[in-house]
Amino acid sequence: MMKSPPLATPPSSNWSAVGSMSMCVALLIASEFMPVSLLTPIARDLGATEGLAGQAISVSGCVAVLTSLLITGVAGSFDRRRLLCALTATMLLSLVLIALAPNFGLLILARALLGVTIGGFWSLSTATLVQLVPAESMPRALSVLYLGNAAATAFAAPIGSFAGALVGWRGVFWGLVPLAAAALLWQWRALPSAATRQSQAQAQAQGQVLSLLRRAPVRRAVAGVMLAFGGAFTAFTYFRPFLERHGHADAAQLSLLLLALGVAGFPGTWAAGAQVQRHGEALLRLLPLALGLVTLALPWVGSAHWALALLLFAWGLLNAALPVAWFHWLTHGIADAPEAGGGLMVAAIQLSILLGAGVGGLLLDHVGVTAPLFGGAALLAAAAVSLGDGRRLRGACLPSTRCAAEPPAP
């Protein structure tokens with residue numbers, strides 16, 4: 001497969017552009033998963049159960065899946081800068097509509113718009129980084145990109161819970177609106193333009209996301225991604241009701257517990273970025289296994305808040321490392337098709353989030369408040385088993401193409 005044409009400016013001058021993408025990632029994560037910390041008041045205000053309110057996350061995930069599968073087919077026809085900025089503007093519109101939503105129907109529509117940004121932005125992010133920085137700087141660039149993930153994970157949930165008690169859940173989303181506007185302005189100024197002269201054959205090749213599934217290692221990777229992220233979000237989406245009912249946490253304690261979960265994202269992202277070059281395969285296998293064990297431990301500590309805080313910190317540490325490990329594998333494993341591979345990876349992650357939030361909601365409403373955690377742990381264990389020793393993921397590039405060197409065996 002032909003590579004996308006290089007961006008206009010030299011890679012060494014593009015770190016501001018990477019920073020602008022990191023800010024957009026932070027807002028995407030905050031916007032996508034803010035309902036986790038506001039699930040109870042959203043459900044109460046809109047007349048829905050907590051399990052049904054959790055489906056707002058599923059809706060954005062469903063639309064993100066469709067967008068990620070389709071966007072690489074049209075990305076080559078547009079200036080990358082304009083396309084990414086258009087996606088950020090769509091997120092801005094979604095936040096305004098969420099804050100204004102008078103009923104559950106409009107909330108779902110607004111979340112669907114957010115899903116367009118999620119699917120499109122994440123699908124193009126890795127391929128854009130490949131164009132912005134030299135190959136040897138990719139681990140650092142991925143770490144910078146996922147610092148936005150860590151920042152949102154650290155502060156979105158506790159701030160959302162605390163601010164929601166003060167100004168209401170609508171006020172929380174209104175607070176994100178000016179930040180999204182600032183991110184849009186920064187992207188417009190920092191992202192260089194991409195050449196749009198591409199052959200029709202190349203554009204069609206970039207759009208053949210599903211054709212990657214003909215490669216056995218890619219199929220195994222997709223299965224591992226869906227089990228790992230599906231397990232994580234089966235549990236994570238319903239942490240608030242678990243902590244309120246099982247952990248007997250009030251509003252202040254809930255904010256502190258969610259802060260422990262979120263702050264762990266910073267060391268988790270840093271550690272993954274530092275280790276993924278040498279131990280990428282081991283991380284893909286061990287992270288879901290460890291995350292599943294921590295998830296299983298949460299129901300057994302009861303209402304001991306110090307123990308809950310320690311376990312949630314460990315959970316956040318492991319969860320933050322998971323996407324860094326998988327997207328690093330993407331830059332090596334499908335280096336001959338970064339945009340199509342990115343679209344497929346995002347589709348798999350978003351579909352797993354959709355299914356995880358849906359399954360977790362059913363377990364919460366019909367089994368009990370701890371059921372989503374046990375269900376999530378089972379999926380995480382299955383993810384670790386499906387990957388084996390990591391060797392099954394090797395050889396994902398076509399033999400006729402030149403790919404990045406495979407990571408060393410653990």
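These legends accompany close-up views of a predicted model of a protein chain.

Figure 1. The protein chain has 410 residues, of which 59% count as buried. Its secondary structure consists of 15 helices and zero strands.

**Figure 2. The largest nonpolar core and Trp-326.** This core has 117 residues. Trp-122, Leu-129, Phe-173, Phe-239 and Trp-326 are the residues with the most contacts inside it. Helix α7 gives the largest share of the core, 16 residues. With neighbours within four places in sequence left aside, Trp-326 is in contact with Ala-221, Gly-224, Val-225, Phe-229, Leu-284, Met-345, Leu-387 and Leu-393.

**Figure 3. The second largest pocket.** The volume of this pocket is about 280 Å³. It is lined by 16 residues, and those closest to its centre are Leu-27, Ala-30, Ala-156, Leu-176 and Leu-179. Helices α1 (15-37) and α7 (138-190) each contribute at least two residues to the lining. The largest share, 11 residues, comes from α7. Sorted by class, the lining holds 14 nonpolar residues, two polar residues and no charged ones.

Figure 4. Ala-26 belongs to helix α1. Its relative accessible area is 17%, under the 20% cut-off, so Ala-26 is buried. Asn-149 is 123 residues away along the chain, yet its C-alpha atom and that of Ala-26 are separated by 5.1 Å. Leaving out neighbours within four places in sequence, Ala-26 is in contact with Gly-148 and Ala-152.

**Figure 5. Thr-67 in helix α4.** Thr-67 is part of α4, which covers residues 55-75. Because its relative accessibility is 13%, Thr-67 counts as buried. Residues up to four places away in sequence aside, Thr-67 touches Gly-115, Val-116, Gly-119 and Gly-120.

Figure 6. Helix α2 covers residues 39-46 and is mostly covered, with six of its eight residues buried. The buried residues are Leu-39, Thr-40, Pro-41, Ile-42, Ala-43 and Leu-46.

**Figure 7. Helix α9, mostly covered.** Helix α9 takes in residues 216-236, 21 residues in total. From its first C-alpha to its last it reaches 30 Å, close to the 30 Å expected at 1.5 Å a residue. Of the 21 residues of α9, 15 are buried.

**Figure 8. Helix α15 and its buried residues.** Helix α15 runs over residues 371-387, 17 residues, and at 1.5 Å a residue it should span 24 Å. The C-alpha atoms at its ends are 25 Å apart, which agrees with that span. Ala-371, Pro-372, Leu-373, Gly-376, Ala-377, Leu-380, Ala-383, Ala-384 and Leu-387 are buried in α15. An α-helix has 3.6 residues a turn, so residues three or four places apart point the same way. After α15 comes Gly-388, whose phi is positive, near 60 degrees.

Conventions. Residues are numbered from 1 along each chain as its sequence is written. This is a predicted model: local features need pLDDT of at least 70, side-chain atom pairs count only at pLDDT 80 or more; totals for chains, interfaces and linings use all residues. Side-chain values use heavy atoms; hydrogens and water are left out. On a 1 Å grid over the protein atoms alone, a cavity is a set of points where a 1.4 Å probe fits but cannot get out, and a pocket is an open set with protein on both sides within 12 Å along at least five of seven lines; lining residues have an atom within 4 Å of a point. Grid points are joined across faces, edges and corners, and a volume is the space filled by probe spheres set on the points. Helices (H or I, at least four residues) and strands (E, at least two) are DSSP runs, numbered from the N terminus. Ala, Val, Leu, Ile, Met, Phe, Trp, Tyr, Cys and Pro count as nonpolar, Asp, Glu, Lys and Arg as charged, and the others, Gly among them, as polar. A nonpolar core is a set of buried Ala, Val, Leu, Ile, Met, Phe, Trp, Tyr and Cys residues joined through side-chain atoms within 4.5 Å. Buried means under 20% relative accessible area, exposed over 50%, partly exposed in between (1.4 Å probe, protein chains only). Contact means heavy atoms within 4.5 Å. The expected span of a helix is 1.5 Å times one less than its number of residues.
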